[in-house]
Amino acid sequence: MMLYRLVYRSRANLPEASAEAEVADLVARARAANVRIGITGALLHVDGQFLQAIEGPLEAVEALFEKICSDLRHRDVQLLELAPAEERLFGAWAMEQVGRHEDVVDRLPLSVGTAATSDATLALLRAQLPRLQRPG
Amino acid sequence: MAVTAGVQGAFDTLATCLTEAHDLRIVALAAVICTIGMHSAYAIGGVVARSPRGRDQLLWGAAGTLATASAIWATHFIAMLAYRPGVPVAFALDATVGSFFLAVALVGLGSLIAIGRPGPGGRTLGGIVSGLAISAMHYTGMAGYDVPGTLHWKPSWVTASVISGVFFTVASGHAAWSRHRLVRRSAGTLLMLGVCAAHFLGMAAVTVTPDPFRQIRPGALSSETLLVLVTNAALLVLALALVAVFVSVRFERRRRAEERRLRDFADVAVEGLLICDGDRIVGLNRSLEQMLGRSRDSVLGRSLAEILPGIAAAADVPVGRERDATVTDADGTSIPVRIVAQDIALGDSAHRVVAIRDQRERLSAEAEIRRLAHLDPLTGLPNRRSFGEALAARLGPGARLVGRVALVMLDLDRFKPINDTLGHAMGDALLRRVAGRLSAALREGDLLARLGGDEFAVLASVADAAEAEALADRLIEIARRPYVIDGHVLEIGASAGIALAPADGRTPDALAQSADIALYAAKEAGRGTWRLFETEMTMRRQQRRDLELDLRRAVARRELQVHYQPQVDAATGAFTGAEALVRWHHAERGTVPPSVFVPLAEEIGLIGEIGTFVLRRACEDAAQWPGTLTVAVNLSPLQLKEPGLVETVLAILGETGLAPSRLELEITETALLHDDGSTIATLAALRARGIQISMDDFGTGYSSLSHLSRFPFDKIKIDRSFIQLAPHHANSASIVRAITTLGRRLGMAVTAEGVETEAQRAFMLGEGASQLQGYLISRPVPADAVAELFRAHSRVETG
Ligand SMILES: Cc1cc2nc3c(=O)[nH]c(=O)nc-3n(C[C@H](O)[C@H](O)[C@H](O)COP(=O)(O)O)c2cc1C
């Protein structure tokens, strides 16, 4: 089965006070759900923005992305990349929330829609993965 | 005490009479004959009852009567032969034979009464007559009993004999018609008892006193002769009985087979069938067993009302006319059914058959059809029809308006190209996704429907306009998010129009119209957004409609005009040709600028017709111009996409006689956007015929070098906006310079449009423009004016 990777970004649509808790809850649920359908990836939530990469079989990626695009907890979803992938970049993480505000707020990729943005996003997500567990 | 003693005495007398006065072996023979005879009487009676009325029945009736009478007669005389009064006996012929015929007559009469008058009365009367036949036969026979002695009769015994004969016969008759099988079976035995009782009580009533002076009369039958007679009678009885039994068995077998056939027949019926005898259920078929989930045995014998609640009696089920009812199955569930009854004769009584048709499948099919009629099969959303019904329910007469009702009409943007290029299957999949997305953006109670194509609508209760706007916002935003389908990334948008009831419309139609107008306004505002209905929109819409109507009329009446703006050689100032410009002068509107009516014409599909009209007129006019002066005609991107453009152009050139080299077709960059190669091919075909092709309005829009490199344009026209800013505006000046340089490099002539001042002319000349056009040279002028201008000029030149 062909492996695909999808990268998008969006603006959070959550009340500021409870945003952190809601995202944590969302990620916990996502992790459990993703394990079942063979999805791995990472989610960054900072400054009212989401950056997410998901990877897995095309069908699962499509189905999940459709769910995510039906979710009112964020808006202005911009697809940065959908492409076949040689290997999983987030193989060890069903869905990992990465990045502390101060670590990434100045490094968010600015322009959108280009492969460069997607690459920058992936690099950022990867760099923020928990160090100890990062596979060699 | 006295009574008991009397009865006891009577029994003793009877016992003594039987045991001491009779030869018991012969008594037994009599009893056998009597039993066979009486049972065969009923066997034949059964055949009679089942036989169709007429000759058969009459014959069987006669046979039955004969058998019964002879059995009674034979029983009597065999018993008489068993009687040993201790003296020789003989039987007078007349009385012996007469008693037989008397028996035949009375039994026949009794049977006729019983059959002729159905019911207990007839049976009783028939029984009495037949019962009397026994006694009458007996005492007539006894009258011929000849002994050398005197017979003494005890009247009480005689009475008892007659009464018991009648009693048992009547009882037997009633038993024969009983409902109960066992009782019916006993009829023959009862009759036999009657015969025996009458006989032996009658014999106990008599005592013989020998009288030596009495002689047996001559001519009387001896015991031996009688025996032959009686034996023959008995044989007749036996033969008849055998025939009767045989026929009866065959009848029975046929009845059973018929019953089985009926049942098999009923069992293959799809409908449930119930057979009722009165209100009691006496039969049902397998379909009904299955429908009820009950076994045959658990239903048989129940009352009809237990199975068909609400139907009190079988008589309530209309014959030949269906009615609705419910049946209760084993779980107590009510099943809707339709029932109809039919009376049939089963055996000897009328039964009512109730046919029961299960309606569940039909009802659920109807419900499904109703559901389908209200659902859009593609998305599963309510369709236009049910949305209309919901809207009517909310706004219709009698509906109470609580708060406000918002109607949001939603159209997808850029859906058609996806459907066209990626196929309908992809379009359908996309619509399903959109339906899912929009559903996710609804609040509790909002109704989403697909009205058709890429049109959706939402009906929502809102407190105020802001709430409706927020809803529209969510709908548009969620629809615009990217879609990934089968590895394709699809991007579409959505526009929405909002109308609020009651302000923007009190009726469904009015509200829908307002929402439509608002949607139109949203599209005009660039799509991807929503508009709340405003009253002015209606006016603007109306104005546009009017304009559209006027334009159609003008085109149809050829009221559009073509004006020409001359072009000169930048270096020499000599006329090189003119650009044809379409003009619309309306009697009331005045001059309508092309910037207003050309986009409208493009939208309503009139641009092709207008374009062809202009082209023809320009060619006609230019053909009158002197020398090699050219005419430039604009082609809209839509025209370029029309098949057959090349043929049209060539045909017009042929008709007007204009040399192809004198026609210049101007296109804009927009025409090359999203070109799959067919536009370039069209241009190439035109250019191959010697027609010049130029790039119009260059510098605005995309200004893509790739467009210039894709096709060898003859000419580039620099947009007037740069010329007007140049030469003082540095940026514009450098753009102009870049374009002229580019033109030179690519070998394309460069025309400056909108030259209005001497300074601009000088600048353009300096930058190497080859051609000038603008107010400095001339405004656009009518055809005869430009023709006059050109002629005058050529006269000056040549003259
Ligand atoms: C930014 C963002 C990222 C999400 N990522 C995931 C994810 O990786 N996996 C997942 O199952 N759900 C994810 N969700 C939640 C889905 O949108 C959806 O709510 C969830 O799949 C539950 O859907 P269900 O109730 O239909 O199962 C995400 C939501 C948001 C807003």
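This is a predicted model: local features need pLDDT of at least 70, side-chain atom pairs count only at pLDDT 80 or more; totals for chains, interfaces and linings use all residues.
Student: With which residue does Arg443(B) form a salt bridge?

Tutor: The general idea is that side chains of opposite charge can pair when their charged atoms come close. In this case the partner is Glu467(B), and the closest N and O atoms are 2.7 Å apart. The two residues belong to distant parts of the chain, 24 residues apart: Glu467(B) lies in helix H16 of chain B, and Arg443(B) in the loop between H15 and strand E12 (447-452). Glu467(B) is also partly exposed, at a relative accessible area of 29%.

Student: How many residues apart are Glu758(B) and Arg761(B) in helix H27?

Tutor: They are three residues apart, so about one helical turn separates them within H27 (residues 758-766) of chain B. Glu758(B) is partly exposed with a relative accessible area of 45%, and Arg761(B) is partly exposed at 27%.

Student: How far apart are the closest N and O atoms of Glu559(B) and Arg557(B)?

Tutor: That distance is 3.7 Å, and the pair counts as a salt bridge because the cut-off is 4 Å. Arg557(B) is exposed, with a relative accessible area of 54%, while Glu559(B) is partly exposed at 33%.

Student: Which residues are linked in a network of salt bridges?

Tutor: Glu271(B), Glu322(B), Asp324(B), Arg338(B) and Arg357(B) are linked in this way. Over all chains, the structure holds 45 salt bridges.

Student: How many salt bridges does the rule find across the interface of chain B and chain A?

Tutor: The rule finds three. One salt bridge between the chains joins Glu66(A) and Arg437(B), with the closest N and O atoms 2.7 Å apart. The interface can also be read by its polar contacts: nine residue pairs, with both residues at pLDDT 80 or more, are in polar contact between chain B and chain A. On the side of chain B that touches chain A, helix H15 (424-440), helix H16 (465-480) and strand E14 (483-485) each supply at least two residues. H16(B) gives the most, with five residues. By type, the residues on this side of chain B divide into eight nonpolar, one polar and eight charged.

Student: What area is buried between chain B and chain A?

Tutor: About 1,400 Å² is buried, and carbon and sulfur atoms give 56% of that area. Within chain B, the residues that lose the most area to chain A are Arg481(B), Pro482(B) and Val484(B), which together account for 40% of what that side buries. Counted by residues, the contact takes 17 from chain B and 16 from chain A.

Student: How many helices and strands does each chain have?

Tutor: Chain B has 28 helices and 27 strands. Chain A has four helices and five strands, in the order β-α-β-β-α-β-β-α-α along the sequence. Buried residues make up 46% of the 799 residues in chain B and 49% of the 136 residues in chain A. For contacts at a separation of 6 or more, residues 24 or more positions apart account for 66% in chain B and 79% in chain A.

Student: Where is Asn419(B) found, and is it buried or exposed?

Tutor: Asn419(B) is found in helix H14 (residues 415-422) of chain B. Asn419(B) is buried, at 16% relative accessibility. A polar contact of 3.3 Å joins its side chain to that of His424(B).

Terms used
Residues are numbered from 1 along each chain as its sequence is written. Chains are lettered from A and ligands numbered from 1 in the order in which they are written. Side-chain values use heavy atoms; hydrogens and water are left out. Contact means heavy atoms within 4.5 Å. Buried area is the accessible area (1.4 Å probe) that two parts lose on being put together, summed over both. A salt bridge is a side-chain nitrogen of Lys or Arg within 4 Å of a carboxyl oxygen of Asp or Glu. A polar contact is a pair of N or O atoms within 3.5 Å; within protein, one must be able to donate a hydrogen and the other to accept it, and residues adjacent in sequence count only if both atoms are side-chain atoms. Ala, Val, Leu, Ile, Met, Phe, Trp, Tyr, Cys and Pro count as nonpolar, Asp, Glu, Lys and Arg as charged, and the others, Gly among them, as polar. Buried means under 20% relative accessible area, exposed over 50%, partly exposed in between (1.4 Å probe, protein chains only).
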